[in-house]
Amino acid sequence: MTSYHLDHLQHLETEAIHIMREVAGEFERPALLFSGGKDSICLLRLAEKAFRPSDLPTPLLNVDTGHHFPELNEFRDRRAKELNGKLIIRKVEDAIANGTVQPAPGEISRNRLQIPVLLAAIEEFRFDCCIGGARRDEEKARAKERFFSYRDSFGQWDPKNQRPEIWNLYNGRLNPGENMRVFPLSNWTEMDVWEYIRREKLEVPSIYFSHTRQCVRRSGQWLPVNTLVPPKPNEEVRDLVVRVRTIGDIISTGCVESPATTVDDIIAEIAAARVTERGSRADDKSSEAAMEDRKKAGYF
Amino acid sequence: MVASPSPSSELSVTPVRTAAPHAVEILRFNTCGSVDDGKSTLIGRLLYDSKSLMEDQIEALERSADITGGGQINLANLTDGLRAEREQGITIDVAYRYFATPRRKFIIADTPGHIQYTRNMVTGASNANVSIVLVDARLGVIEQSRRHTAIASLLRIPHVIVAINKMDLVGWSEERYNEIRAQFEEFLPRLDLKDVKFIPLSALNGDNVVTPSVNTPWYPGPSLLGYLETVHIGSDWNLNGFRLPVQWVNRPNDPKDDKLHDFRGFSGQIAGGIVRVGQKVLALPAGLVTTVKEIHTLDGPLQEAFCPQSVTLVLEHDIDISRGSMIVDLDVPIGTGTDLYAKVCWMHARPLQRGKKYFLKHTSHTVQVVVSDIVHRLNIETLDPEVAPAALAMNDLGEIRLQLARPVYHDSYATNRLTGSFILIEQGTNATVAAGMFLIPTEYVKPESGDYAI
């Protein structure tokens with residue numbers, strides 16, 4: 001007797017594939033944002049599920065802040081090649097060099113600066129839609145996101161005036177200059193992402209697994225020792241066995257002490273975790289509305 | 001697969017936070033009620049008491065309690081994610097929250113109570129298995145309660161829970177509970193709701209939210225979470241009458257693999273029924289019958305597939321099929337026509353007017369329509385239809401008549417949520433202005449015997 005029943009991962013998968021295909025059907029020039037992080041790895045798998053045996057109908061786009069973990073960029077480039085995808089990289093460094101973005105005095109973080117670089121890439125390639133791996137469970141401003149998130153010609157998000165999204169009917173209509181951000185993983189949790197990685201046997205960058213790293217204690221977190229913000233004499237530096245739970249820039253990504261060397265270990269660790277994934281991201285802690293403000297300015 | 005069995009009462013008594021690292025069902029529910037009925041507090045309480053909150057979230061709550069709340073933790077701050085919401089102490093937009101127990105995974109849509117955000121309630125409720133309508137025990141049924149229940153009925157939410165909140169403020173009075181229940185039961189018979197449950201609770205104190213309350217010895221039912229964990233949702237999808245709205249034609253360009261040279265597949269999410277290899281199907285609007293040759297997925301070919309799986313069908317014959325086409329079975333006829341009736345919830349500040357043109361998006365198909373008539377508008381107070389109103393304003397529910405530029409292949413919304421629903425999009429602004437539900441079709445597609453593809 002066959003059971004016509006989907007479990008939670010199959011359910012999330014079919015929802016996301018449907019959204020991917022709506023993008024392919026409704027937009028002229030979509031792009032898929034691919035960083036090499038765990039969420040975008042799932043996104044890429046879902047694109048394969050949606051479009052094979054054809055080639056992926058979207059190029060892969062990444063804004064390189066210049067502060068990425070080298071392991072992540074290596075993985076990003078290799079994975080794009082394996083999938084025969086077209087990878088477009090736009091660098092914050094280049095935008096600073098040619099004067100299109102200007103760091104504020106003393107501004108080291110690339111959090112703000114990556115926004116105009118993303119918007120410039122959208123303009124350069126005339127992308128009308130960017131598919132991103134953001135999830136609603138990550139952060140409470142993200143919890144307000146639609147699957148199809150409309151952005152005006154300045155790339156701005158207006159959370160008070162979003163298009164209602166009813167059933168599985170997505171309104172992708174745009175006027176010239178406007179664009180859409182689409183988030184097929186909206187309903188996924190951190191646990192779903194790892195369970196999907198396990199089920200699909202997906203490779204992830206090595207830094208998600210336990211490794212020994214020199215870390216510096218800074219605002220209550222262990223951050224990787226790096227040359228951009230070197231440890232001050234009064235800061236505690238230690239060699240720790242750590243992994244990263246969420247990957248942002250190297251100067252703001254907290255490392256968690258962990259013995260997890262397999263995906264199974266990671267799943268067990270998350271099931272027992274007492275802090276959220278974003279708890280290890282310094283960029284979200286600057287204020288209660290940090291994410292909301294960045295999204296309004298054009299962040300994805 | 002289903003959750004491994006556990007003693008039935010265990011969870012409600014001692015909640016354990018677990019992410020259920022095994023295959024389980026997803027239940028979607030939404031909460032609706034009037035301003036200050038305590039929706040966000042209820043969700044905060046569910047998350048807090050089911051140990052779904054993390055230390056950094058609790059810390060953030062405590063931080064904002066020290067700054068603005070005079071030391072009192074405000075559970076609503078968990079879901080009110082926008083600055084304007086925290087400032088005004090109201091929910092503006094749908095907030096989605098996720099939590100899991102060993103039994104199920106839950107997706108919560110916390111939907112606003114303010115009347116101007118009713119469209120967001122429709123958004124949050126449209127995919128829900130369960131709708132929770134909150135009522136303030138002191139106020140009883142008010143217009144918003146009636147509106148929210150009417151919307152749940154219109155959207156045919158399979159299960160509705162009336163959560164009578166703030167019971168602590170009416171002294172846990174069984175009499176008051178029964179009064180409010182009677183107020184509901186007065187108008188429920190005029191709605192299309194199959195399953196309505198009543199639960200007395202206090203979101204602020206946690207009574208009957210996760211654990212049964214000692215304050216309601218007269219209430220024999222489950223706690224809210226107990227109910228959400230056990231309510232049967234297996235039959236919420238339609239498995240009768242195969243429908244595949246084609247989203248995308250899968251035609252590899254310049255394939256390196258010779259086998260793929262002639263590959264032409266039709267990709268979509270099955271919106272109803274079951275499809276099998278070898279089955280005869282009808283392709284619309286071509287009107288031609290063909291046979292399913294292969295059900296392609298990245299994980300290998302399937303012998304059969306069902307709603308709501310996403311698949312790619314390869315067919316025996318070369319038929320003109322593109323995005324917006326629909327592939328259906330021959331046994332359960334699908335409705336068609338260009339003169340259709342539908343129920344709508346109007347969602348935009350510019351009212352609906354007779355004679356105006358819109359885009360109608362139904363499944364993967366978009367057509368132009370003219371609203372030829374507004375048949376009636378539902379009076380929320382009396383739940384009676386007011387015949388031939390001049391317009392439908394924001395948040396109005398009503399019935400309209402549509403003239404379509406091309407036929408849409410549809411079922412009644414009562415039969416199939418996915419092939420019976422549509423949205424209206426305003427031309428020019430591209431705003432989504434209405435949620436629509438088709439009534440029973442008046443005309444059906446009949447495959448003629450001569451229409452077999454050759």
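A: Let's start with helix α2 of chain B, residues 39-49, which is mostly covered: ten of its eleven residues are buried. Keep in mind that you are looking at a predicted model. The buried residues of this helix are B:Lys39, B:Ser40, B:Thr41, B:Leu42, B:Ile43, B:Gly44, B:Arg45, B:Leu46, B:Leu47 and B:Tyr48. What do they pack against? Their partners in chain B are the strands β1, β2, β3, β4 and β5, together with α8, residues 224-230. Just after α2(B), you will find B:Lys51 with a positive phi of about 60°.

In chain B, six strands make up an open sheet with mixed pairing, in the order β2-β3-β1-β4-β5-β6. At its edges stand β2 (95-100) and β6 (196-200) of chain B; each has a single partner strand, so one side of each is left without a neighbour in the sheet. On average, neighbouring strands of this sheet are turned by 25° against each other, direction ignored.

Strand β1 of chain B, residues 25-32, pairs with strand β3 of chain B, residues 104-110, in the parallel sense over seven bridges. If you want a spot to look for, B:Arg28 stands opposite B:Ile107 in β3(B). Other helices pack on the sheet too. Helix α6 of chain B, residues 143-154, touches β1, β4 (130-136) and β5 (159-165) of chain B. The direction of α6 makes about 170° with that of β4(B). Helix α7 of chain B, residues 174-187, packs on the sheet as well, touching β4, β5 and β6 of chain B. The direction of α7 makes about 145° with that of β5(B).

Chain B also has another sheet for you to explore. Seven strands form this open sheet, in the order β7-β15-β11-β12-β14-β9-β8 (chain B), and the pairing is antiparallel. Here β7 (243-245) and β8 (248-250) of chain B take the edges, each with a single partner strand, so one side of each has no neighbour in the sheet. From one strand to the next, the twist averages 40°.

Strand β11, residues 280-284, pairs with strand β12, residues 288-296, of chain B in the antiparallel sense over four bridges. In β12(B), B:Leu288 is the bridge partner of B:Ala283, and B:Thr291 is the bridge partner of B:Lys280. The two strands β11(B) and β12(B) form a hairpin with three residues between them, and B:Gly287 in the turn has a positive phi of about 80°. β11(B) also pairs in the antiparallel sense with strand β15 of chain B, residues 326-329, over four bridges. In that strand, the bridge partner of B:Ala283 is B:Ile327.

Now let's step across to the other chain. Chain B has 64 residues in contact with 54 residues of chain A. On the side of chain B that touches chain A, the residues divide into 32 nonpolar, 20 polar and twelve charged.

In chain A, look for helix α1, residues 8-26, and helix α2, residues 38-51, which pack at an angle of about 70° with their axes 9 Å apart. α1(A) and α2(A) are therefore roughly perpendicular to each other. From α1(A), the contact is made by A:Glu13, A:Ala16, A:Ile17, A:Met20, A:Arg21 and A:Ala24. From α2(A), it is made by A:Leu46, A:Ala47, A:Lys49, A:Ala50 and A:Phe51. The residues of this contact divide into eight nonpolar, no polar and three charged.

One last stop in chain A is A:Ile122, which has its place in helix α5 of chain A, residues 114-125. A:Ile122 counts as buried because 22 C-beta neighbours lie inside 10 Å. Not counting residues up to four places away in sequence, A:Ile122 touches A:Phe127, A:Cys130 and A:Asn179. A:Asp137 is 15 residues from A:Ile122 in sequence, and their C-alpha atoms are 26 Å apart in space.

Methods
Residues numbered from 1 in each chain as written. Chains lettered and ligands numbered in written order. Predicted model: local features only at pLDDT ≥ 70, side-chain atom pairs only at ≥ 80, totals over all residues. Pairing = 2+ DSSP bridges. Axes fitted to C-alpha atoms, helices over the stretch in contact; angles between N-to-C directions. Contact = placed C-beta atoms within 7 Å. Nonpolar A, V, L, I, M, F, W, Y, C, P; charged D, E, K, R; others polar. Parallel < 35°, antiparallel > 145°, perpendicular 65-115°, else oblique. Buried ≥ 20, exposed ≤ 12 C-beta atoms within 10 Å, placed from the backbone.
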